[in-house]
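Me: I would like to learn how to read the features of a structure file one by one. Please start each time with the general idea and then turn to the case at hand.

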Amino acid sequence: MGDGPPSIWEWIGRNWDTGRVDSIKSLLTDHLTMSFVPILLALLVALPLGLACVRWRWLYQPTSGLMNVVYALPSLPVFMLLISVTGLSQATVIIPLTFYGMAVLIPAVVDGLNSVPDHVRQSAVAMGFTPLRRLLLVELPIAAPVVLAGLRVVAVSSISLVSVGALIGQGGLGGLFTRAYQNPFLPPVIVGIVLIVALALIADGLLVLAQRLLTPWVRARKGAAA
Amino acid sequence: MITFESVTKRYPDGTVAVDRLSLEAPTGEITVLVGPSGCGKTTSLRMINRMIDATEGRILLDGEPVQGIDPPTLRRGIGYVIQQAGLFPHRKIVDNVATVPYLLGWDRKKARGRAMELLERVGLDPALARRYPFQLSGGQQQRVGVARALAADPPVLLMDEPFSAVDPIVRTNLQDELLRLQSELNKTIVFVTHDIDEAIKLGDRVAVLRVGGTLAQVADPKTLLSEPADDFVREFLGHDRGIRRLQFVSTEALRLRTDLTVPEGGAGGASGEPWLLVVTGDGRPVGWRSGERPGELEPYGTFVHGRDSMRTALDAALLSPSGCAVAVDEEGRVVGVATRRALDEALAEAADG
Ligand SMILES: Nc1ncnc2c1ncn2[C@@H]1O[C@H](COP(=O)(O)OP(=O)(O)O)[C@@H](O)[C@H]1O
Ligand SMILES: [Mg+2]
């Protein structure tokens, strides 16, 4: 047994934390960074842009058109193009993923804000809300369920898409797949897939939890409908 | 007091929604703006709290031009109720009602206490406080809307067709409730409706607007019904204007006969009168006994003498084959009978003005 291929557990044990950049732990950290930074950036950009698209309706068509084009671009050539600007750094992965996230989140923010009934907005005005307070206390909370639904899509797809970056040496856990490609040995592949799926499930679960905590009124409504 | 001084609103597309409107809504009274759809009622109302700014003219709130007041500040002092209630779907009922107190910076506990007090005041079960708006019926949501508008105790209340979207029975309840509240609170209320019956029921003063946003007539309901200013107002008031006017004629002067009652189980009927009213020992009506069929009792209708209107008295008379209306006091005890003759005389009197 001693000279056969190592079992998956042995392999994990040996590669978990070697202090090298290709240890599982270090790949996992990279993966987390490269998937969560784009989610956060996309949300930070989509919120004001979405607001602007609702405020100035003519902005929405061009913005969503552009975003759809970006979304349609295959990721690999985009990485290649970006290399000439950002080199083989994490930014090369983070930038396109941010745009993909925006392509989903801008429409979500716009739809969410449009889901605020006009009479609700009017009555907020009539009661003396200033525009900023109305946005923060009335419009965004009512838009939250739609935005959070978009965020779930973005989180899962972002976590899974990071691995494509492995082709330029920046794929986080995706790095485990390229290694297997060179050397048909299964444990790294299995570990990579399990970890990525687990990350996606955990992120999604956290967002569902946030949904329940932030929008209890939606759950109450669903309960009433059932 | 709210004063419109020759106010005009011209929308950017050129539509003149309100045309040189001059009007006063006196303090502590309900002023109703009524007119067909598109005649500028909503626009007029929203110019008061500056959700829309007037193009020309001025609106004064107790003598102070609203144009000079910062809109959010102005609005926090003016309650506003609309047709769809406009409740916040993401907030519990109690927090919906406490909205303006929160905006005014009251502490949470005080604001919620006030909200609970108001829910009770508008006739809602305090248990509803922890629900969300969609869990309430349309009528309940409207009550919450009224409670919310009253939360910070504003002196002025603007109501834009608040009861138009609920069914007729609920609407009648809400109207009665509003009148009861107003008798306690004495707010300055501007109430918008397209329903002339609602206008006449609720208004201390009724302003009739015509399309194009001009004022056709402003008067108290009785004057409006008896002296419509022109054909437009006459037509808008509808055909049974004469009957409806009777609701403003008191039964105080109605002549009553007290010799037409007989005690329950007693003999009577020898008086030669065709109908006699059978009354219990403590003075409550039981039914009419006819001379022809003394064994059967026929239905009767009552009105409270001096409090109810001639319209109610006439209605009571029409409900009974005797053709007479039974006058009762506030406790429901018979005080007399209004015969057809007496009703006739009173109607002739009313028709004269
Ligand atoms: N924002 C607007 N722009 C242009 N025209 C408007 C606007 N709002 C209302 N109007 C027009 O002004 C008139 C009065 O409207 P409104 O005050 O809503 O009437 P009402 O409440 O009596 O039905 C209508 O002809 C309506 O079409
Ligand atoms: Mg209107």
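Me: How much area is buried between domain 1 of chain B and domain 2 of chain B?

Reply: Buried area is the accessible area, taken with a 1.4 Å probe, that two parts lose on being put together, summed over both. Between domain 1 of chain B and domain 2 of chain B it is about 520 Å², and carbon and sulfur atoms give 61% of that. On the side of domain 1 of chain B, the residues that lose the most area to domain 2 of chain B are Arg245(B), Leu246(B) and Gln247(B), together 78% of what that side buries. This is a predicted model, in which local features need pLDDT of at least 70 and side-chain atom pairs count only at pLDDT 80 or more, while totals for chains, interfaces and linings use all residues. Residues are numbered from 1 along each chain as its sequence is written, chains are lettered from A and ligands numbered from 1 in the order in which they are written, and side-chain values use heavy atoms, with hydrogens and water left out.

Me: Where are the bounds of the two domains in chain B?

Reply: Domain bounds come from an automatic or database domain assignment. Here domain 1 covers 2–248 of chain B and domain 2 covers 261–352. Their C-alpha centres lie 40 Å apart. Contact means heavy atoms within 4.5 Å, and six residues from domain 1 of chain B and seven residues from domain 2 of chain B take part in it.

Me: What polar links are counted between domain 1 of chain B and domain 2 of chain B?

Reply: A polar contact is a pair of N or O atoms within 3.5 Å; within protein, one must be able to donate a hydrogen and the other to accept it, and residues adjacent in sequence count only if both atoms are side-chain atoms. Between the two domains of chain B the count is four residue pairs in polar contact, both residues at pLDDT 80 or more. A salt bridge is a side-chain nitrogen of Lys or Arg within 4 Å of a carboxyl oxygen of Asp or Glu, and between these domains the count is zero.

Me: How many salt bridges does the structure hold over all chains?

Reply: The total over all chains is 32. One salt bridge joins the side chains of Lys187(B) and Asp153(B), at 2.5 Å from N to O. This pair links distant parts of the chain, 34 residues apart: Lys187(B) is in the loop between helix H7 (168–185) and strand E8 (188–193) of chain B, and Asp153(B) is in the loop between helix H6 (138–150) and strand E7 (156–160) of chain B. Helices (H or I, at least four residues) and strands (E, at least two) are DSSP runs, numbered from the N terminus.

Me: Which strands does E1 of chain B join, and do they run parallel or antiparallel?

Reply: Two strands pair if DSSP finds at least two bridges between them. Strand E1 (residues 2–10) of chain B is joined to strand E4 (residues 56–61) of chain B by five bridges, in the antiparallel sense. Within that pairing, Glu5(B) has Arg58(B) as its bridge partner. E1(B) is also antiparallel to strand E2 (residues 16–25) of chain B, with six bridges, and Ile2(B) has Ala25(B) as its bridge partner there. The hairpin of E1(B) and E2(B) has five residues between the strands, and Gly14(B) takes a positive phi near 100°.

Me: What does strand E9 of chain B pair with?

Reply: Strand E9 (residues 205–210) of chain B pairs with strand E3 (residues 30–34) of chain B in the parallel sense, over four bridges; Val34(B) stands opposite Val208(B). Five bridges join E9(B) to strand E10 (residues 214–219) of chain B in the antiparallel sense, where Val206(B) stands opposite Ala219(B). E9(B) and E10(B) form a hairpin with three residues between them, and Gly212(B) in the turn has a positive phi of about 105°.

Me: How many residues of chain A are in contact with chain B?

Reply: In chain A 21 residues are in contact with 23 residues of chain B. The two chains bury about 2000 Å² between them, 69% of it on carbon and sulfur atoms. Among the elements of chain A, H6(A) gives the most to the side that touches chain B, with seven residues.
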